[in-house]
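Morning, everyone. Please have a look at the model on the screen, and then I will walk you through some of its parts.

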Amino acid sequence: MVVGIDLGTTNSVIAYIDASGNPQIIPNSEGSRIMPSVILFDGDSTVVGQTAKDNADMDPLNVVQFVKRQMGNSNYSFINSRDEVFTAEELSALILKKLKTDAEKALGERIDSAVITVPAYFNDTQRKATQDAGEIAGLNVIAIINEPTAAALAYGLSKSSEPQNVLVYDLGGGTFDVTIMHINHDDIVIKATNGIKNLGGFDFDNCIMNLVINKFKEEHGIDPMDDDCAYQELREKAENAKKALSSKNRTVISLMSQGKGIKMEITREQFEEMIKPLIDRTAVLMEMVLEDSGLEWSDIDKVLLVGGSTRIPAVQEMVTRVTGKVPSHELNPDEVVAIGAAYYASFLDSKEDPKVKKTKITDVNSHSLGVVAMGEDGKEYNEIILPRNTPLPSSEFKDFCTLYDDQELIKLQITEGEDEDLDYVNIIGTSLLKIKKRPKGSPIRVIIGYDTNSIIHVRVIDLIDNTDLGEMKIERNSNLSEEEIVKKKDNISKITIE
Amino acid sequence: MINYYQELDIPQELTGKELEAYLKKTRQKLILRTNAPDPEKALEAERKLKLLDEAISILCDKSKRAKYDKQLAKSGSSTEAAAARQPEQPQTQSTDASVEVLISVAEDMYNAGNLQNAINTCNKILANGVKDKRVYYVLAVSYYELNKTDEALKVLQNAVAENPDNFEMILYLARLSALIGRTNEAEKFINIVLEKQPDNTFAYASLVEVELIRGNNARAEQIIADINNRYPNDAVFKTNVSSAFERAAKRVVSVAKNGAGYLASKQDAEKYVTYVTKAHDLNPSEHMKNELDIAQGQFRKRFDVANWKGFACLLVACLLTLLSIGEMGALPFIVCVLATIVLTYFNFKENWQIQRKIATGKKDPVDYIFILLGLALVIVAAIVKFAFNLAQESLKMKYES
């Protein structure tokens, strides 16, 4: 049995395609279709999902949330009060394991393979980390696909007879991304994508929280956040208030902390004003992605909304205003990604069946790649060689010069990011290359290539005699090794999740 | 008091459209900076974004800005900073970061066809003592597109005089000279480059363009064949020659643009299609494929009978309208009017789209004339019909009385 999994920042969903070809969300053992991506280490037991979220305020130091934001971050680890240390991959694996075991119980069938979705702007470290999390959870990860692509598959756009340009606006719990793709039958070509790592429903909750905290301070002169439990309680209430304001014009929120309490009313108008600067940022990114795609708003045939935060009426209004199209939201925005992943999983699973045509997905590189170069002013900066949103596979080159006479070594640092300021980019690989002694200003060509498996190849050529100075492989040092994965898989398999 | 100019690297002399474009760029940059790998840097970007929102609300409002600038001048921080800056430069000295953004603003303005603003911005950057080759280039092409070729030439000459080793700039100068018809001068410039860099294939590509402008296509082909023999697989040469052919194709259109507004002669159209095909063969990119499709479509559409078919439809429809005058009731008349409009619309719709995509950027005036003619005929027919009915009515009344 194969499944599709949407491993989200705040919520996760698992789905499969049933015998008659219809997508089905598999509810977990608590009977809910959407499971909060929250883990609670409660005494000796490990709890994942709604129960963990509900009890989060009782034991805030043993709760993990938003682990997706840490994927690919090798410096991150979580230590619970049992002094057990977990990496981001292991924590994600716990969530995946809960989804897997509950689904197996519900279907009475073993799940061996899965397609897991990631945001389009995830780099390959983050993708690899997600894949590793799946392996640790005991899943055979047959593919990692982009969330917007999954959404398009779920809407069945690849079955439409007309070729079309689709914009997917995905505003979830913790991340935002926007993607423009061209769909022609089973041929999906990603045109451009961009995203904001830390923007989503969580930040909208923060807006409401700040409003309540300020009011509390004003009335009682103390900071309610000194109390960890009050913090968790307020976070939960703020989230509920936000959800209520999508259908109602006003709602009431109350907070008790350190023996003092307040009760206040929040109107939709107030809420919309608070989140406006954040929503406006997503509008700026939509314009940027449109520009990168080389299209005009009138060329966009369909706009899809994905992610729970797109239920906010102000978000829908903004998307309609910017794109000039009324967005489609017939499918549940929380479930659509998992459904698309399930479709893709079943495509891959039935590959041998000649009747099922395989969907072809052409991707772009979501981050520009470049090198650290020395400017005329002697300062180092990021020189982009392969710009973002270039269709894959592709390769680009730029020519550089040696800095002084008889230079023997080049320090080649490969960057990932858009900014010319090195503070805002990732250095994803470094190597020292020996070159022949040449006069100052001798030309050196750097070629950066990106293959369809998202592997980066860097080649350096001495242009004076056209000799190849060698190829550099980008070693992703922040990912787990094979042995570590096996070991962690063993550890995680011993943990029983409730 | 917060000094937005300093905090956000906004050059104080910017106003109006330039300021708006600059703030927009800064905003895009800051939003992407919130993705910084270092959380401290991400928070810094977040803080600046909030400042930017404030700055936009003040600086883009003339009266608010005047008030703010006055207050800023009064407050200590700005007078100190201004005093420190004053001796070096009479104007506000922009920082490196703001120059980068300004250059990209200028490039964007040029790309958006906002030429005068692009020129102003470039001149401002140059006045600040920044000699960047991108600025010279944008300035020169903007002048060129405004038909101020002398200014354009002067800019590139200055750039070359300042840095005689910048071969790229010399080749731009050569290309521009060729475009305004000074092909001998262009060849001289190219030879200067080739003397120093006999392997510079960009220079050979420029030479091909010179020959194309001279109309000496055989010579151009010969150079292409030579270079292809000498440097097979040289992508730089191929892409540059491809763009030379693309520009040659555009020139065919732009010459025609000054006349009839479309490719009036079959000869012009054939030339146009040949050039675009050449450009596509040398560089089969997505963009060129698109251009080729348009070119071939243009050729087909212009010279098949579509236009005459449309015109014939109009005539038939008018004839029917006039004939229907003899009939009783309005139905045949309405059907004829609708048929006229629908037929005219479908016959010209496709032609319009192709016309619009072609370099003219404007709709073909001839097609307007067809449509206007059609509507005028329909209106005339309607008036005649109305008058006829009225006359009939009054005749009837007379008869009855």
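Let's start with a pair of strands. Strand β1 (residues 2-7) of chain A runs antiparallel to strand β2 (residues 11-17) of chain A, and 4 bridges join them. Strands here are DSSP runs (E) of at least two residues, helices are DSSP runs (H or I) of at least four, and both are numbered from the N terminus. Two strands pair if DSSP finds at least two bridges between them.

Before I go on, a word on the source. This is a predicted model, where local features need pLDDT of at least 70, side-chain atom pairs count only at pLDDT 80 or more, and totals for chains, interfaces and linings use all residues. Residues are numbered from 1 along each chain as its sequence is written, while chains are lettered from A and ligands numbered from 1 in the order in which they are written.

Back to β1(A). A hairpin of 3 residues links β1(A) to β2(A). Across that pair, Gly4(A) stands opposite Ala15(A). β1(A) has another partner, strand β10 (residues 113-118) of chain A. That pairing is parallel, over 5 bridges. There, Val3(A) has Ala114(A) as its bridge partner.

Is β1(A) buried or exposed? It is mostly covered, with 6 of its 6 residues buried. Let me define that. A residue is buried if 20 or more other C-beta atoms lie within 10 Å of its own, exposed if 12 or fewer, and partly exposed in between, with C-beta atoms placed from the backbone. In a regular strand the side chains alternate between the two faces of the sheet. In β1(A), both faces are covered. Val2(A), Gly4(A) and Asp6(A) are buried on one side. Val3(A), Ile5(A) and Leu7(A) are buried on the other.

Next, the core. A nonpolar core is a set of buried Ala, Val, Leu, Ile, Met, Phe, Trp, Tyr and Cys residues joined through C-beta atoms within 7 Å. The largest one has 192 residues. Val3(A) is among those with the most contacts inside it, along with Ala152(A), Ala341(A), Ala140(B) and Leu156(B). Which element gives this core its largest share? Helix α9 (residues 336-349) of chain A does, with 10 residues. Another core lies apart from it, with 15 residues, including Ile414(A) and Tyr450(A).

Now look at Ala341(A). Two residues are in contact if their C-beta atoms, placed from the backbone, lie within 7 Å. Leaving aside neighbours within four places in sequence, the contacts of Ala341(A) include Gly4(A), Ile5(A), Asp6(A) and Ala15(A).

On to chain B. Chain B has 19 helices and 0 strands. Of its 401 residues, 33% count as buried. Take helix α9 (residues 149-162) of chain B. The expected span of a helix is 1.5 Å times one less than its number of residues. For the 14 residues of α9(B) that gives 20 Å, and the end C-alpha atoms are 20 Å apart, which agrees.

Which residues of α9(B) are buried? They are Ala152(B), Val155(B), Leu156(B), Ala159(B) and Val160(B). Seen down the axis of α9(B), the buried residues fall within an arc of 130 degrees, so they line one face. That arc is taken from the directions from the helix axis to the C-beta atoms. The buried residues pack against α8 (133-145) and α10 (167-179) of chain B. On the other side, Asp150(B), Ala161(B) and Glu162(B) are exposed.

Last, some backbone exceptions. Most residues other than glycine have a negative phi, and most peptide bonds are trans. Asp83(A) is not a glycine, yet its phi is positive, about 65 degrees. Asp83(A) sits in the loop between β8 (78-79) and β9 (85-86) of chain A. Asp83(A) is exposed, with 6 other C-beta atoms within 10 Å. Asp9(B) also has a positive phi, near 60 degrees. Asp9(B) is partly exposed, with 19 other C-beta atoms within 10 Å. And the peptide bond from Leu392(A) to Pro393(A) is cis, with omega near -5 degrees. Pro393(A) is in the loop between β20 (380-386) and β21 (394-401) of chain A.
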